[in-house]
Amino acid sequence: MNRSRFLMVLAGLVLSGPAWGQMSAEDVFVERSTARQLDDRCGLFSADERTALDTGWAQSRNQLLQGGYPDEQLDRFDTALASETRSMSCHDREVLALQQRVHGAYAAWSGLIHMRFPGSGQSWDANRMAGYTGAGWQILQDQTQFKAGLARIGSELAFTIAIEDSRDFSSVALIVRDTERHPGLFDPSLGGLVQVAHDEDWVRFTPPDSARRVIWASTELQTRQAPDLFDTRNTRILQFPDSVLSALSNQDPRESVRLDFFDRNGRVIRSHFLEVGDFAAALSFIRSGRFAEG
């Protein structure tokens with residue numbers, strides 16, 4: 001990247017919003033990567049501003065991954081940007097202008113209540129204020145037949161699923177890839193050579209049976225405890241332990257995790273998939289900004 005291109009990128013830095021319609025995904029990634037590199041060396045931003053910047057960077061990186069960019073190419077690009085920023089003084093006019101622009105962008109971002117994080121097939125909708133007057137979804141993936149995400153019920157936050165009432169299952173588990181035992185993505189179709197038994201065309205990468213992690217739902221609520229989490233009263237609401245949040249955040253945005261429903265004999269009677277997508281960015285959005293607790 002030549003210096004004129006580099007400075008042009010600096011001049012256009014934004015955290016979210018209209019820039020998506022004005023710049024390519026590659027430009028957005030360059031901007032946010034550059035800002036992070038300069039902050040690492042110069043300490044340009046507050047902790048909250050850096051959280052917002054990291055959230056935007058994760059979104060732009062995920063978009064490029066979903067568009068076919070290899071992980072290694074993006075990592076090399078980040079390394080190249082580090083070399084570019086190393087030659088700049090922290091007091092350069094362009095750097096100080098970037099700093100002021102981020103301050104202003106963060107002020108707007110921190111006041112947002114709702115933000116959508118689209119994926120290739122499903123989206124996460126994040127709402128910082130949901131649930132403060134009853135029960136509500138702070139992060140939601142709505143697949144019509146069921147809903148899943150981070151729900152606030154009273155003063156408690158938990159990863160939750162709400163599904164139309166059915167007595168054919170007695171327990172539910174979330175199946176994710178064990179990232180230590182299987183660091184890379186797993187494609188059960190072997191690149192389309194093998195027929196995979198699911199209907200969702202957006203599901204490509206799934207947890208391998210040989211390296212999976214199983215997280216069981218720990219609590220089932222009465223519908224009256226959270227009547228606003230589903231569209232009908234005939235609903236089963238199940239909550240998962242906090243470990244789900246870190247497990248989902250550590251998955252690749254291109255992959256899907258699976259909800260397995262078990263009968264009383266321990267047999268899987270049906271399964272549903274959740275797209276990982278930008279869950280980590282959505283969680284960061286909820287935990288930061290003007291409305292964050294603490």
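Student: How many disulfides does a search of the whole structure find?

Tutor: The search of this predicted model finds 1 disulfide.

Student: What makes C42 and C90 a disulfide?

Tutor: The sulfur atoms of C42 and C90 are 2.0 Å apart. The cut-off for a disulfide is a pair of cysteine sulfur atoms within 2.5 Å, so a pair at 2.0 Å counts as one.

Student: Which parts of the chain does the pair link?

Tutor: The pair links distant parts: C42 belongs to helix 3 (residues 25–42), and C90 to the loop between helix 5 (71–86) and helix 6. The two cysteines are 48 residues apart.

Student: Why is the disulfide of C42 and C90 called left-handed?

Tutor: Because the torsion about its S-S bond is about -80 degrees.

Student: What angle do helix 4 and helix 6 make where they pack?

Tutor: Helix 4 (residues 47–66) packs against helix 6 (residues 93–110) at about 80 degrees, and the axes are 10 Å apart.

Student: Why is helix 4 called roughly perpendicular to helix 6?

Tutor: Angles of 65 to 115 degrees count as roughly perpendicular. The angle here is about 80 degrees, which means that helix 4 is roughly perpendicular to helix 6.

Student: Which residues make the contact?

Tutor: Helix 4 brings D48, E49, A52 and T55, while helix 6 brings H103, Y106 and W109. By kind, the residues of this contact are 3 nonpolar, 2 polar and 2 charged.

Student: How do you know that the reach of helix 4 is close to the expected one?

Tutor: Helix 4 has 20 residues, and 28 Å is expected at 1.5 Å a residue. From first C-alpha to last, helix 4 reaches 28 Å. After helix 4 comes G68, with a positive phi near 110 degrees.

Student: What is the order of the strands in the open sheet?

Tutor: The 7 strands stand in the order 1-2-3-4-5-9-8, with antiparallel pairing.

Student: What makes strand 1 and strand 8 edge strands?

Tutor: Strand 1 (114–118) and strand 8 (219–221) each have a single partner strand, so one side of each has no neighbour in the sheet. From one strand to the next, the twist averages 25 degrees.

Student: How do you know that strand 8 pairs with strand 9?

Tutor: A pair needs at least two bridges, and 3 bridges join strand 8 to strand 9 (residues 235–239). The two strands run antiparallel. L221 stands opposite I237 in strand 9.

Student: Which strands does helix 8 lie across?

Tutor: Helix 8 (residues 279–287) lies across strands 1, 2, 3, 4 and 5, running at about 5 degrees to strand 2 (123–127).

How values were computed. Residues are numbered from 1 along each chain as its sequence is written. This is a predicted model: local features need pLDDT of at least 70, side-chain atom pairs count only at pLDDT 80 or more; totals for chains, interfaces and linings use all residues. Side-chain values use heavy atoms; hydrogens and water are left out. Axes are lines fitted to C-alpha atoms, for helices over the stretch in contact, and angles run from 0 to 180 degrees between N-to-C directions. Helices (H or I, at least four residues) and strands (E, at least two) are DSSP runs, numbered from the N terminus. Angles under 35 degrees count as roughly parallel, over 145 as roughly antiparallel, 65 to 115 as roughly perpendicular and the rest as oblique. Contact means heavy atoms within 4.5 Å. Ala, Val, Leu, Ile, Met, Phe, Trp, Tyr, Cys and Pro count as nonpolar, Asp, Glu, Lys and Arg as charged, and the others, Gly among them, as polar. The expected span of a helix is 1.5 Å times one less than its number of residues.
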